[in-house]
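Trainee: Please take me closely through one part of this model, the pairing of its aromatic rings and the surroundings that follow from there. I would like each term to come with its cut-offs.

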Amino acid sequence: MALATRFPVVATTKRAVGELLREWRERRRLSQLALSIEADISTRHLSFVETGRSRPTSDMVLRLCEHLDVPLRERNGLLLAAGHAPVYPAGDLGTPEMSEVRAALRQVLTGYEPYPALVVDRGWNLIDANAAVGMFLAGADEDLLVPPINVLRLSLHPRGIAPRIANLGEWRAHVLGRLRRQADATADPGLELLHQKLREYPCDQPEPDIERPVAGEVAVPLRYRHEGRELAFISMTAVFGTPLDVTLAELAIESFLPADPATAEALRDA
């Protein structure tokens with residue numbers, strides 16, 4: 001139990017490591033030749049690993065994972081599938097050992113004020129937020145604000161933020177498209193399920209099939225109605241640059257910066 005807690009892994013259903021590596025290679029749309037060149041191994045050796053004729057060392061598994069951009073949690077699972085111990089721990093943000101991380105996150109969130117900013121985990125559950133995020137939570141159904149708060153569910157739910165998003169169809173298409181790409185990149189079944197659930201929420205606006213730029217806009221804005229005003233935000237994402245811990249690797253800071261001077265002024269006044 002201690003091993004599973006400290007070194008979290010995804011369920012591999014006892015599948016062979018070669019089969020799992022092949023799936024990640026195909027997910028990244030790489031041929032055996034392309035991956036072997038990038039990882040500096042022979043194509044024959046890679047073929048033997050994928051077919052189970054050769055058992056890879058832990059260093060080989062990690063080298064292939066690095067070139068396949070496999071998330072840290074899944075790297076632990078691949079190591080176990082190859083018969084090796086996982087190497088990437090997951091710190092608990094509530095422990096004293098992670099106090100410096102918590103303090104750094106809080107400092108960043110405070111630094112964004114008066115603009116909204118929040119920290120989410122891999123599943124888009126709220127970890128922390130600054131005071132400015134309160135404008136998004138006001139008016140949402142209390143059931144949606146019971147921890148763990150899923151910010152994507154909150155944003156698209158008809159009893160959440162959705163009724164106050166002026167460009168709901170455009171924003172919804174952006175959110176679902178981003179979540180779809182994240183699920184594809186991580187092979188996370190939890191994100192797949194979240195995507196399915198969010199698609200079931202109603203929307204009374206047309207949703208574009210393809211995101212196309214509008215004249216004068218360089219990013220999809222969030223147009224939010226608040227206290228009789230329509231505020232325009234551009235969202236940005238920040239992650240830890242070189243994490244070696246599963247928890248840190250799966251955290252992201254989502255900030256909402258003003259897309260026009262009127263929004264900036266309104267937020268400063270608030």
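**Aromatic pairs and their surroundings**

Mentor: A search of the whole of this predicted model finds four aromatic pairs, where rings of Phe, Tyr and Trp (its six-membered ring) pair if their centres lie within 6.5 Å, and planes under 30 degrees apart count as stacked, over 60 as edge-to-face and the rest as tilted. One of them joins Phe 136 and Tyr 224, whose ring centres are 4.9 Å apart and whose planes stand at 80°, so this pair is edge-to-face. Because Phe 136 belongs to helix H8 and Tyr 224 to strand S3 (residues 222-226), the pair ties together parts that are 88 residues apart in sequence; helices (H or I, at least four residues) and strands (E, at least two) are DSSP runs, numbered from the N terminus. Phe 136 and Tyr 224 are both buried, which stands for under 20% relative accessible area, with exposed over 50% and partly exposed in between (1.4 Å probe, protein chains only).

Another pair is formed by Phe 233 and Phe 256, with ring centres 6.4 Å apart and planes at 90°, so it is edge-to-face. Here the link runs between Phe 233 in strand S4 (residues 229-238) and Phe 256 in strand S5, distant parts of the chain 23 residues apart. Phe 233 and Phe 256 are buried, and ring pairs link Phe 136, Tyr 224, Phe 233 and Phe 256 into a cluster.

On conventions, residues are numbered from 1 along each chain as its sequence is written. Because the model is predicted, local features need pLDDT of at least 70 and side-chain atom pairs count only at pLDDT 80 or more, while totals for chains, interfaces and linings use all residues, and side-chain values use heavy atoms, with hydrogens and water left out.

Strand S5 (252-258), which holds Phe 256, leads on to the largest pocket, since S5, helix H6 (72-81), helix H10 (168-186) and helix H12 (246-249) each supply at least two residues of its lining. A pocket is an open set of points on a 1 Å grid over the protein atoms alone, where a 1.4 Å probe fits, with protein on both sides within 12 Å along at least five of seven lines, and lining residues have an atom within 4 Å of a point. The lining comprises 30 residues, of which Gln 182, Thr 186, Val 239, Ala 249 and Glu 250 lie nearest the centre of the pocket, and H10 gives the most, with five residues.
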